[in-house]
Amino acid sequence: MKKDFYEILGISKNADAAEIKKAYRKSALKYHPDKNPGDKEAEENFKLAAEAYEVLSDPNKKAKYDQYGHQAFDGSGGFGGGHGGMNMDDIFSQFGDIFGGGFGGFGGGGGGPRRAKGSNLRIKVKLTLDEIANGVEKKVKVKRKVQAKGVTYKTCSTCNGQGQVMRVTNTILGRMQSASTCPTCGGSGQILDKRPSEADAQGMVLEDETVSIKIPAGVVDGMQLKVSNKGNDAPGNSIPGDLIVAIEELEHEFLKREGENIHFDLYISFPEAVLGVSKDIEAINGKVRIKLEEGIQSGKILRLKGKGIPSINGYGSGDLLVHVNVWTPKTLNKEQKQFFENALNDEHFVPSPEKSEKSFFEKVKDMFS
């Protein structure tokens with residue numbers, strides 16, 4: 001079971017952005033590979049801290065994590081396999097500025113070059129309610145920018161392969177040193193040397209690739225999943241960007257989703273309500289037969305436990321709520337009309353709700369409790 005991100009950084013869920021950054025810097029410096037050469041446990045803790053910071057420092061990701069936990073990002077849509085394929089170069093390319101001037105790239109004794117990261121790609125995947133309930137693997141075709149065959153790069157002379165340029169400015173507090181992305185190479189540390197004819201100005205070509213996306217059960221409309229390293233390449237010795245997958249839930253013909261619960265409107269005739277009846281109703285994985293007792297009232301809600309959407313956190317499934325509606329005929333023939341006119345004075349047709357019958361407002365309250 002994956003360790004809680006807040007626990008990894010030693011902070012509370014109410015920590016603000018400054019506290020999160022401070023906690024990450026403290027943890028990263030403690031377990032930094034330059035301070036712990038050859039220590040695999042320290043390296044693992046360093047990666048865990050970076051993974052936690054990647055989520056908690058982003059308001060959107062933090063909100064999803066607070067609501068759904070690790071399931072919001074796990075599998076193909078998350079950090080994948082423990083750290084989402086994150087290696088030391090990933091971490092330094094994304095969070096190197098956190099460490100300040102005290103440390104540099106991994107294994108470089110504080111001065112190693114940083115690897116640029118390619119841009120992300122974004123796609124939308126439409127899912128049926130059945131696919132959301134059961135989880136699904138989708139294969140999608142994406143156009144990615146990749147380095148052309150035969151392209152070569154050379155070290156950028158402006159930054160000497162660092163991807164950054166250092167600037168020193170005089171302030172009232174003294175001389176301040178700051179780092180910024182190299183304007184010549186864009187942070188990659190390398191510039192184009194030999195470009196094939198089909199490549200663009202950065203040595204890239206567009207290439208179709210089929211990507212397999214494992215989508216866990218219980219995702220919600222608007223949720224974004226991440227497939228690591230399936231975005232665009234960047235020049236030189238770079239890290240590919242990510243493929244961001246936005247979930248779009250398709251509307252079901254009969255079922256309505258509300259969180260993990262599913263609602264179904266069942267219409268029955270007046271004779272069926274009086275005599276009782278068995279009905280096959282729509283459910284996520286096929287039809288379900290239910291039995292309605294004699295004299296069932298319109299507005300009755302039947303709850304079928306566990307027939308809803310699985311929790312994305314793995315905490316069981318929601319319920320299927322069947323709303324019973326007695327259909328009143330709008331036209332009657334002469335004999336039918338005479339029958340109901342005679343029934344007006346029949347005590348069996350006089351409304352006499354029992355104390356156990358819940359009001360409409362009580363039913364709504366139960367439905368949302």
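Predicted model: local features only at pLDDT ≥ 70, side-chain atom pairs only at ≥ 80, totals over all residues.
## Largest pocket

Classified by residue type, the lining of the largest pocket holds nine nonpolar residues, together with five polar and five charged ones. Helix H7, spanning residues 270-275, is the element that gives the most to this lining, supplying three residues.

## Four-stranded sheet

Four strands form an open sheet in the order E10-E11-E15-E14, and their pairing is mixed. From one strand to the next, the twist averages 30°.

Within this sheet, strand E11 (residues 261-269) and strand E15 (residues 320-327) run parallel and are joined by eight bridges. In this pairing, Ile-268 stands opposite Val-326 of E15. In general, the strands of a sheet pair through backbone hydrogen bonds, in either a parallel or an antiparallel manner.

## Overall chain

The protein chain contains nine helices and 15 strands. It has 369 residues, and 40% of them count as buried.

Contacts between residues at least 6 apart in sequence were also examined by their separation along the chain: 65% of these contacts join residues at least 24 apart.

Conventions. Residues numbered from 1 in each chain as written. Heavy atoms only, no water. Pairing = 2+ DSSP bridges. Helix = DSSP H or I, 4+ residues; strand = E, 2+ residues; numbered from the N terminus. Axes fitted to C-alpha atoms, helices over the stretch in contact; angles between N-to-C directions. Nonpolar A, V, L, I, M, F, W, Y, C, P; charged D, E, K, R; others polar. Buried < 20%, exposed > 50% of the residue type's maximum accessible area, 1.4 Å probe, protein only. Contact = heavy atoms within 4.5 Å.
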